[in-house]
Amino acid sequence: QVQLVESGGGLVQAGGSLRLSCAASGSIFSINAMGWYRQAPGKQRELVAAITSGGSTAYADSVKGRVTISRDKAKNTVSLQMNSLKPEDTAVYYCHAKVRPRVGYENDYWGQGTQVTVSS
């Protein structure tokens with residue numbers, strides 16, 4: 001079984017910064033990609049940023065230039081550094097990973113979510 005656990009969410013003023021972290025654990029053979037999604041009340045879940053095993057990154061247009069995703073393969077963690085936060089960044093942020101287990105095929109795994117609230 002694979003588990004993802006997020007941390008680092010909280011309340012911050014507009015213009016401030018937060019760093020979200022996600023740790024993967026369990027029966028893992030390899031993690032092919034990791035990313036962050038967010039979901040605001042009444043809205044669909046959307047991709048914020050993602051990073052592949054090869055180091056390629058992708059960002060939503062709404063956050064490009066303000067956030068940076070990074071991955072520590074040795075520790076099976078991924079982080080999202082968020083700067084110049086805006087009230088519209090308020091959402092529950094979810095860690096996501098495409099994981100190949102030691103036995104079986106690649107699957108998608110999700111963390112429990114961490115709340116980010118940006119006040120004006």
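A polar contact is taken here as a pair of N or O atoms within 3.5 Å, of which one must be able to donate a hydrogen and the other to accept it within protein. In the predicted model described here, the side chain of R38 makes such a contact with the side chain of E46, at 2.8 Å. A further polar contact, of 2.9 Å, links the side chain of R38 to that of Y93. R38 belongs to strand β4. Its relative accessibility is 6%, and R38 therefore counts as buried, the limit for that class being under 20%. When neighbours within four places in sequence are set aside, the residues in contact with R38 are Q44, R45, E46, V48, S62, V63, E88, D89, A91, V92 and Y93.

Residues up to four places away in sequence not being counted, Y93 touches E6, L20, W36, Y37, R38, V48, L80, M82, G113, T114 and V116.

The structure holds one disulfide. In general, a disulfide is a covalent bond between the sulfur atoms of two cysteines. Here the bond is formed by C22 and C95, whose sulfur atoms lie 2.0 Å apart. The angle about the S-S bond is -85°, and the link of C22 and C95 is left-handed. Because C22 is located in strand β3 and C95 in strand β9, the pair ties together parts that are 73 residues apart in sequence. Both cysteines, C22 and C95, are buried.

C95 is also in contact with Y109, a residue of strand β10 (residues 107–110). The C-alpha atoms of Y109 and C95 are 8.3 Å apart in space, and the two residues are separated by 14 residues in sequence. Besides C95, Y109 touches V2, L4, H96, A97 and V99, with residues up to four places away in sequence not counted.

The arrangement of the strands was examined next. Strands of a sheet pair through backbone hydrogen bonds, either parallel or antiparallel.

Y37 stands opposite L47 of β5. These two strands form a hairpin with six residues between them, and in its turn G42 has a positive phi of about 75°. β5 also pairs with strand β6 (residues 57–59), in the antiparallel sense and over three bridges. In that pairing, I51 stands opposite T57 of β6. The hairpin of β5 and β6 has four residues between the strands, and G55 takes a positive phi near 95°.

Positive phi values also occur at residues other than glycine. Most residues other than glycine have a negative phi. N76, although not a glycine, has a positive phi of about 55°. This residue, N76, lies in the loop between β7 and β8. With 23% relative accessibility, N76 counts as partly exposed. S84, likewise not a glycine, has a positive phi of about 50°. The position of S84 is in the loop between β8 and β9. At 41% relative accessibility, S84 counts as partly exposed.

Terms used:
Residues are numbered from 1 along each chain as its sequence is written. This is a predicted model: local features need pLDDT of at least 70, side-chain atom pairs count only at pLDDT 80 or more; totals for chains, interfaces and linings use all residues. Side-chain values use heavy atoms; hydrogens and water are left out. Contact means heavy atoms within 4.5 Å. A disulfide is a pair of cysteine sulfur atoms within 2.5 Å. Buried means under 20% relative accessible area, exposed over 50%, partly exposed in between (1.4 Å probe, protein chains only). Two strands pair if DSSP finds at least two bridges between them.
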